[in-house]
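Subject: Structure handover

Hello,

Here is the structure for you to look at. My notes on what turned up follow below it.

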Amino acid sequence: MKHCIIAKFNESVVDKPAAIESVKALFASAAPIEGVNGIVIHENCVDLMIVVEMEKAALPNWDASEIHHRWKNQFGGRLEKKAIFDYED
């Protein structure tokens, strides 16, 4: 399953490339999460799209993970909009 987060920064983010690099650094430091097989960040999809490749049953592990909480705490207030959806190939 792919868990996708499409995010658009708000006007408080004046240096979007630097913010995207911060997001990349954040997710690169993520500890392993059971059932999560990888995280890919795509730029220029609105501002960015984070794709978390995981087993369907791993969603609660992702929700409870430190990296998910750090993402929300560090960037939640800097986002104008976001859309989250899951799909399977």
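Start with phenylalanine 85: its relative accessible area is 35%, so it is partly exposed. Tyrosine 87 also counts as partly exposed, at 35% relative accessibility. Here buried means under 20% relative accessible area, exposed means over 50%, and partly exposed lies in between (1.4 Å probe, protein chains only).

Some ground rules. This is a predicted model, in which local features need pLDDT of at least 70 and side-chain atom pairs count only at pLDDT 80 or more, while totals for chains, interfaces and linings use all residues. Residues are numbered from 1 along each chain as its sequence is written, and side-chain values use heavy atoms, with hydrogens and water left out.

Aromatic pairs

The search of the whole structure gave four aromatic pairs. Rings of Phe, Tyr and Trp (its six-membered ring) pair if their centres lie within 6.5 Å; planes under 30 degrees apart count as stacked, over 60 as edge-to-face, and the rest as tilted. One of the pairs is phenylalanine 27 with tryptophan 62: the centres are 6.3 Å apart and the planes at 15°, so these rings are stacked. Phenylalanine 27 sits in helix H1 and tryptophan 62 in helix H2, so the pair ties together parts 35 residues apart in sequence. Both residues are buried. Phenylalanine 85 and tyrosine 87 are stacked too, because their ring centres are 6.3 Å apart and their planes at 25°. Phe27, Trp62, Trp71 and Phe75 form one aromatic cluster.

The sheet

Helices (H or I, at least four residues) and strands (E, at least two) are DSSP runs, numbered from the N terminus. Two strands pair if DSSP finds at least two bridges between them. Four strands make an open sheet, in the order E2-E3-E1-E4, with antiparallel pairing. E2 (36-43) and E4 are the edges; each has a single partner strand, so one side of each lacks a neighbour in the sheet. From one strand to the next, the twist averages 15°.

Strand E1 (residues 2-9) has seven of its eight residues buried. Six bridges join E1 to E3 (residues 48-54). Lysine 2 has glutamate 53 as its bridge partner in E3. Eight bridges join E1 to E4 (residues 79-87). Phenylalanine 9 stands opposite leucine 79 in E4.

The helices

Helix H1 (residues 16-28) lies across E1, E2 and E3, and runs at about 175° to E2. Helix H3 (residues 66-75) also packs on the sheet, touching E1, E3 and E4, with its direction at about 15° to that of E1. Axes are lines fitted to C-alpha atoms, for helices over the stretch in contact, and angles run from 0 to 180 degrees between N-to-C directions. Contact means heavy atoms within 4.5 Å.

Which residues of H3 are buried? They are Ile67, His68, Trp71 and Phe75. Seen down the axis of H3, they fall within an arc of 105°, so they line one face of the helix. That arc is taken over the directions from the helix axis to the C-beta atoms. The buried residues of H3 pack against E1, H1, E3, helix H2 (59-64) and E4. Exposed Glu66 and Asn73 are on the face of H3 turned away from its buried side.

Best wishes
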